[in-house]
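I open this notebook to record what I looked up.

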Amino acid sequence: MNDKIPNMDYDADEVINEFKEKIKWPKKDEVQAVVKPSKLPLRILISFLITVVVGAAAYYMMLPALNIHDTQIYIYAILLVVVFMASFALVCKANKKIERKEYVKKKSIAPIVIIAVIAVVMAVGYVTGVTLFRANSYSQLMQVQDGNFETDFDEISYDKVPRIDASRAKTLADQQLGSLSEYKSQYVVSGNSTQINYKNTPVRVAYLEYADVFKWINNTKNGLPAYMLIDLVSQKVTAINCVEQFGEGIKYSPTELFNEKLIRHLRFQYPTALLDTPNFEIDDNMHPYWITAVLNKTIGLFGGTDVKGVIITDALTGESQYYDIEQVKTSSELSWIDVVYSESLLIEQYNYYGKLQNGFWNSIIFQNDVNIASSGSGNIAMNDDVWVYTGVTSSESDSSNFGFILCNQRTKETRYYKKSGAMEQSAQQSAQDAVQNYGYYATFPILLGIDGNPTYFMSLYGDSNTVKGYAFVSLEDKTVVGTGLLDVAKSDAKALNSALENYIDALKEKGVAKDVDKNDVIVDEDDMTSADNNAENQTDKPDGNTEKPVKEAGKITGEVTDIKSSVNDGNTVYYLQIDGKYYYIKVTDAMEVLLISKGDTVTVEFEESDGKFIPAKSVTVE
């Protein structure tokens with residue numbers, strides 16, 4: 001047995017500390033040399049390739065315009081610099097070796113300077129475009145001229161203005177889509193619709209969206225098969241089958257996910273353009289297009305947004321064509337386009353005009369002649385264009401308007417009308433108070449001229465989002481109200497006329513308009529659209545008599561007394577009854593038949609044939 005005892009004369013803490021000294025990460029001031037990584041060109045190349053891959057993915061998602069006026073391009077440039085330096089640090093193993101870390105830090109000076117320069121450019125670009133220094137430039141973005149209310153509103157009849165708003169149009173389109181078994185399980189109606197004038201009729205057009213990603217996978221190869229056309233007067237909804245009419249579906253839309261996604265498709269076609277939100281429109285042949293305004297920043301780098309051109313994209317093929325804004329304003333071939341300037345841009349520019357004419361500080365302190373657009377806006381169809389309507393009030397948000405403006409969404413022409421009276425929200429409340437026992441609510445009003453009297457027109461809605469009646473409220477005196485309800489009048493036309501008759505009576509009682517003759521204002525109910533029978537359009541019938549059909553060799557002009565349709569070999573065929581005989585034609589040969597209703601007068605060219613059913617060559621609505 002060994003009697004020796006092991007030497008235990010040591011301190012455990014000293015051993016641990018000695019071990020820590022051997023493995024600890026050296027401090028910056030303890031590093032004796034900054035070591036350049038080996039194979040540096042290869043490491044730089046790898047970092048560059050990583051940056052290219054990440055940058056390509058970021059560009060595909062962000063889609064910045066290669067334009068100094070786009071703030072996203074600066075953010076994108078900073079992202080590329082950061083990705084490159086992070087990649088370089090990783091491939092140099094700066095996270096594992098302190099001497100490599102110090103090397104990377106020294107080489108990061110140049111990228112930091114680049115980022116600082118980008119930030120300074122953005123700051124200077126922003127400062128040079130703020131309203132504080134450029135108030136006069138902002139006030140001149142929009143030119144405003146005085147309008148003549150009596151002349152401009154003389155031809156706008158109350159029975160031809162939109163009776164439903166965007167929300168109600170969406171509800172009707174959803175209902176119509178739900179009745180079409182071939183669409184309802186795969187698609188939904190987009191919440192983004194565009195109000196346009198289609199052949200002098202205010203309508204909304206809404207594209208379809210895939211119900212979910214699995215429906216997209218199942219259908220994206222063929223695209224969206226149809227779009228919805230909602231007549232805002234008759235409230236009639238038609239599903240326009242693009243595959244049937246044009247031979248293919250809508251391949252490019254916001255609902256796609258990859259290269260067919262509309263904004264990405266446009267960015268690849270026009271990499272430098274500042275793109276506004278595209279609008280869905282149709283031409284006179286019902287062909288679907290995307291109308292995208294190309295923006296320009298006219299003040300500093302990022303201020304003074306205006307429109308410099310338009311990109312028209314075929315929704316079926318994706319082919320695009322750019323037009324300068326002056327071409328869009330003046331060319332008769334492009335007059336079918338209705339929405340170039342968005343409502344938000346027009347109102348923004350008017351607010352600059354109203355607030356900054358006398359300088360920035362006046363808009364804040366003295367506020368002489370300062371005015372702004374009131375909250376809310378509507379649309380009016382006039383001269384085959386769509387105009388944005390909004391009231392004008394003081395910057396202190398008075399309870400009344402002292403005028404209103406109309407802005408043309410195609411040309412930006414803006415007219416000011418000095419007509420003081422109730423704000424739109426006050427008129428809505430007056431209309432709702434008049435039917436408070438029913439609990440109906442009013443849509444945003446449309447301004448009309450009833451025998452020269454400025455008048456707000458509104459539809460009254462129930463909880464089910466269905467039209468229950470109509471209301472007229474005087475602009476000058478919001479207590480002058482006339483309402484007509486469908487439950488009482490039993491028809492849409494009678495309710496509309498009843499509201500107008502009650503309104504005229506109220507005008508006379510208040511002494512506002514003593515000389516208004518109802519017969520000069522009221523429209524014959526036979527000439528108006530009836531919502532009770534799905535709003536079939538009626539033509540003018542003087543004295544209630546129908547004109548006799550005019551028949552020539554191979555041609556007949558007369559009233560359509562019945563309409564039928566069938567699908568033969570995949571083609572939809574319409575049968576129009578005129579003078580007791582049915583003239584039939586494929587939709588693909590005459591797309592106008594989709595909008596023909598009983599009572600319309602049409603001219604049909606046909607092949608001479610005996611029998612009750614006669615093949616037609618063409619159909620033209622008179």
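I began with R163, which is buried at a relative accessible area of 1%. I call a residue buried under 20% relative accessible area, exposed over 50%, and partly exposed in between (1.4 Å probe, protein chains only). The model is predicted: local features need pLDDT of at least 70, side-chain atom pairs count only at pLDDT 80 or more, and totals for chains, interfaces and linings use all residues. Residues are numbered from 1 along each chain as its sequence is written, and side-chain values use heavy atoms, with hydrogens and water left out.

I then looked for the partner of R163. R163 forms a salt bridge with D492, with 2.3 Å between the closest N and O atoms. The pair links distant parts of the chain, 329 residues apart. R163 sits in the loop between α7 (149–152) and α8 (166–178), while D492 is in helix α18 (residues 492–510). D492 also counts as buried, at 1% relative accessibility. My salt-bridge test is a side-chain nitrogen of Lys or Arg within 4 Å of a carboxyl oxygen of Asp or Glu. Helices (H or I, at least four residues) and strands (E, at least two) are DSSP runs, numbered from the N terminus.

**Other salt bridges**

I searched the whole structure and found eleven salt bridges. In helix α8, D174 and K170 lie four residues apart, about one turn of the helix. Their side chains meet at 2.9 Å, N to O. D174 is partly exposed at 33% relative accessibility, and K170 is partly exposed at 27%.

I checked helix α13 (residues 325–330) next, where E326 and K329 are three residues apart, about one turn. Their salt bridge has an N to O distance of 3.9 Å. E326 is partly exposed at 44%, and K329 is partly exposed at 25%. I also noted a network of salt bridges linking D152, E413 and R415.

**Strand β2**

N192 belongs to strand β2 (residues 187–198). N192 is exposed, with a relative accessible area of 54%. Not counting residues up to four places away in sequence, N192 touches A206 and Y207. Contact here means heavy atoms within 4.5 Å.

**Helix α3**

I compared length with expectation. The expected span is 1.5 Å times one less than the number of residues. The 21 residues of α3 (residues 71–91) should therefore span 30 Å, and the end C-alpha atoms are 31 Å apart, which agrees. Buried residues in α3 include I73, Y74, Y76, V81 and F88. D70 caps the N-terminal end, with a side-chain oxygen 3.2 Å from the backbone nitrogen of Q72. Just after α3, K93 takes a positive phi of about 60 degrees.

I looked up L345 in helix α14 (residues 343–356). L345 is buried at 6% relative accessibility. Leaving aside neighbours within four places in sequence, L345 is in contact with T305 and V307. V307 is 38 residues from L345 in sequence and 9.4 Å away in space, C-alpha to C-alpha.

My last entry concerns V52, in helix α2 (residues 40–62). V52 is partly exposed at 42% relative accessibility.

Definitions and conventions. A polar contact is a pair of N or O atoms within 3.5 Å; within protein, one must be able to donate a hydrogen and the other to accept it, and residues adjacent in sequence count only if both atoms are side-chain atoms.
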